[in-house]
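Q: I'm new to this one and would like to learn how to read it. Can we go through a few features together?

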Amino acid sequence: MLAVMDLQVHYGGIAAVKGVSFAVEKGETVALIGANGAGKTSTLKALARLLAGYVTTGSIRLAGEEISTLAPHQLIGKGLALVPEGRGVFARLSVAENLTMGAYSRHDKSEIAADLAHIYDLLPRLKERQRQLAGTLSGGEQQMLALGRALMGRPSLLLLDEPSMGLAPLMVQKVFETIRAVAATGVTILLVEQNAKLALETAGRGYVMESGRITLADSAAGLLADPRVRQAYLGE
């Protein structure tokens with residue numbers, strides 16, 4: 001589904017991502033873990049083509065097609081969607097309007113309506129608040145809204161950036177239950193998450209990123225058992 005080769009991101013003279021290569025197979029959930037400043041978010045932004053103006057090189061192939069030269073808005077049509085760090089909901093639009101914005105590139109009105117109903121079934125809290133302004137939702141509700149909005153584009157690959165950030169433990173649990181439910185439908189997921197234990201318990205495989213480089217790659221179970229991961233990221 002996704003093949004990344006020698007991806008590099010520079011902010012001026014600072015190299016944030018230093019030639020990383022990795023792959024995500026169709027139907028997988030893969031976790032990318034690491035400390036703050038490791039380059040995880042820069043990697044996702046580069047995949048979503050959101051770093052125009054910065055030096056970004058390398059190959060990014062989605063379902064076999066090179067996408068490293070496409071504009072961000074073209075990626076939705078190719079099946080890639082990003083749920084950004086900080087959620088990025090449209091605060092002055094209602095929940096329903098935010099979800100509809102996720103389908104802006106589609107023209108199949110009956111299918112859009114069916115997908116909206118599916119999102120409300122998956123995330124009933126959003127249905128309860130469909131007329132409420134997004135900016136008045138709790139952090140967890142906004143995270144669910146950002147996820148639902150991305151799903152309205154019918155992505156084949158979903159990029160999730162720090163979905164648990166700033167959420168209460170109970171809401172973190174609900175958000176990750178939803179992520180697992182989405183994965184069960186066959187959507188491929190690349191998950192960046194500060195909570196390494198939670199990320200690896202959700203994913204089938206994982207990569208560890210340190211100082212702009214991938215330093216470990218293994219099954220999720222293998223990484224959870226690795227003493228280097230346990231000491232650096234699991235507090236053991």
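This is a predicted model: local features need pLDDT of at least 70, side-chain atom pairs count only at pLDDT 80 or more; totals for chains, interfaces and linings use all residues.

Q: Are Phe22 and Tyr207 buried or exposed?
A: Phe22 and Tyr207 are both buried.

Q: How do I describe a pair of aromatic rings?
A: You give the distance of the centres and the angle of the planes. Here the count comes to 1 aromatic pair. The ring centres of Phe22 and Tyr207 lie 5.6 Å apart with the planes at 55°, so this pair is tilted.

Q: Which parts does the pair tie together?
A: Phe22 sits in strand β2 (residues 14-24) and Tyr207 in strand β9 (residues 205-210), so the pair links parts 185 residues apart in sequence.

Q: In which sense do β9 and β10 pair?
A: Strand β9 pairs with strand β10 (residues 213-219) in the antiparallel sense, over 6 bridges. Look for Glu210, whose bridge partner in β10 is Arg213. The hairpin has 2 residues between the strands, and Ser211 takes a positive phi near 50° there.

Q: And the nonpolar cores: how many residues does the largest have?
A: It has 48 residues, and Leu99, Leu158 and Ile189 have the most contacts inside it. Helix α7 (residues 169-184) supplies the largest share of this core, 7 residues. Apart from it lies another core of 30 residues, including Val4, Ala46, Ala48 and Leu62.

Q: What does Leu99 touch?
A: Leaving out residues up to four places away in sequence, Leu99 touches several residues, among them Leu116, Ile119, Tyr120 and Met152.

How values were computed. Residues are numbered from 1 along each chain as its sequence is written. Side-chain values use heavy atoms; hydrogens and water are left out. A nonpolar core is a set of buried Ala, Val, Leu, Ile, Met, Phe, Trp, Tyr and Cys residues joined through side-chain atoms within 4.5 Å. Buried means under 20% relative accessible area, exposed over 50%, partly exposed in between (1.4 Å probe, protein chains only). Helices (H or I, at least four residues) and strands (E, at least two) are DSSP runs, numbered from the N terminus. Contact means heavy atoms within 4.5 Å. Rings of Phe, Tyr and Trp (its six-membered ring) pair if their centres lie within 6.5 Å; planes under 30 degrees apart count as stacked, over 60 as edge-to-face and the rest as tilted. Two strands pair if DSSP finds at least two bridges between them.
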